Amino acid sequence: MKVYFCGSVRGGREDVRVYRRIVEKLQSYGRVLSEHVSCSEISETGEDAAGGDRAIHDRDLDWLQESDVVVAEVTQPSLGVGYELGRAIAMETRILCLFRPASGRNLSAMIRGAEDGDQFVVKNYKEDEVENVLEEFFNGLKNLKRA
């Protein structure tokens with residue numbers, strides 16, 4: 001299985017430690033195409049990629065198209081993550097959005113309101129529960145494939 005992970009880069013890197021924890025668990029389900037989002041070496045200025053922003057956009061869209069599932073940590077607001085989610089919806093890719101209410105933030109109505117319980121799932125979680133939330137989601141995907 002190919003997993004595309006979304007998390008804030010230029011919108012803020014406060015949650016990079018949480019991203020690392022999520023990506024480590026996602027690696028048990030398949031290949032994480034965008035694991036670099038969880039690297040603490042990447043700052044709010046983003047990556048230094050040959051070809052600049054266009055190259056990053058095109059590479060990430062290629063990975064998004066290649067992915068079987070998208071997992072997005074949406075606690076830290078990010079225009080890029082919102083864009084990726086919109087594109088993934090259009091591609092009819094299954095999506096799991098993870099949100100931590102304890103952050104004190106409010107999740108965008110455009111994310112919460114997109115939840116349909118099937119293609120687009122939003123789960124509130126506490127950091128120490130994230131592995132269990134991911135396990136539940138991916139077990140549900142396995143059960144769908146068997147049906």
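F138 is buried, with a relative accessible area of 2%. Buried means under 20% relative accessible area, exposed means over 50%, and partly exposed lies in between, for a 1.4 Å probe and protein chains only. This is a predicted model: local features need pLDDT of at least 70, side-chain atom pairs count only at pLDDT 80 or more, and totals for chains, interfaces and linings use all residues. Residues are numbered from 1 along each chain as its sequence is written, and side-chain values use heavy atoms, with hydrogens and water left out.

**Aromatic pairs**

A search of the whole structure finds three aromatic pairs. Rings of Phe, Tyr and Trp (its six-membered ring) pair if their centres lie within 6.5 Å. Planes under 30 degrees apart count as stacked, over 60 as edge-to-face and the rest as tilted.

In the pair F5 and Y19, the ring centres are 5.6 Å apart and the planes stand at 65°, so this pair is edge-to-face. F5 belongs to strand β1 (residues 2–6) and Y19 to helix α1, so the pair ties together parts that are 14 residues apart in sequence. Helices (H or I, at least four residues) and strands (E, at least two) are DSSP runs, numbered from the N terminus.

Y29 and F138 form a stacked pair, because their ring centres are 4.2 Å apart and their planes are at 5°. Y29 sits in the loop between α1 and β2, while F138 is in helix α5 (residues 130–146), so this pair ties together parts that are 109 residues apart in sequence. Ring pairs link Y29, F137 and F138 into a cluster.

| Residue | Relative accessibility | Class |
|---|---|---|
| F5 | 1% | buried |
| Y19 | 0% | buried |
| Y29 | 16% | buried |
| C97 | 0% | buried |
| C39 | 27% | partly exposed |

**Helix α1**

Helix α1 spans residues 16–26, and its buried residues are V16, V18, Y19, I22, V23 and L26. They cover an arc of only 150° around the axis, which puts them on the same side of α1. The arc is that of the directions from the helix axis to the C-beta atoms.

**The sheet**

Five strands form an open sheet, in the order β2-β1-β3-β4-β5, with parallel pairing. The edge strands are β2 and β5 (120–124), and each pairs on one side only. Two strands pair if DSSP finds at least two bridges between them. Strand β4 (residues 94–99) is joined to β5 by five bridges, and the two run parallel. I95 stands opposite F120 in β5. Strands of a sheet pair through backbone hydrogen bonds, either parallel or antiparallel.

**S34**

S34 lies in the loop between β2 (31–32) and α2 (52–66). S34 is buried, at a relative accessible area of 1%. Its side chain reaches the backbone oxygen of F5 at 2.7 Å. Leaving out residues up to four places away in sequence, S34 touches V3, Y4, F5 and W63. Contact means heavy atoms within 4.5 Å.

**Cysteines**

A search of the whole structure finds zero disulfides. A disulfide is a pair of cysteine sulfur atoms within 2.5 Å. C39 is in no disulfide, and its nearest cysteine sulfur, that of C6, is 15 Å away. For C97, the closest cysteine sulfur is also in C6, at 7.8 Å, too far for a bond.

Notes: Polar contact = N/O pair within 3.5 Å; in protein donor to acceptor, adjacent residues only side chain to side chain.
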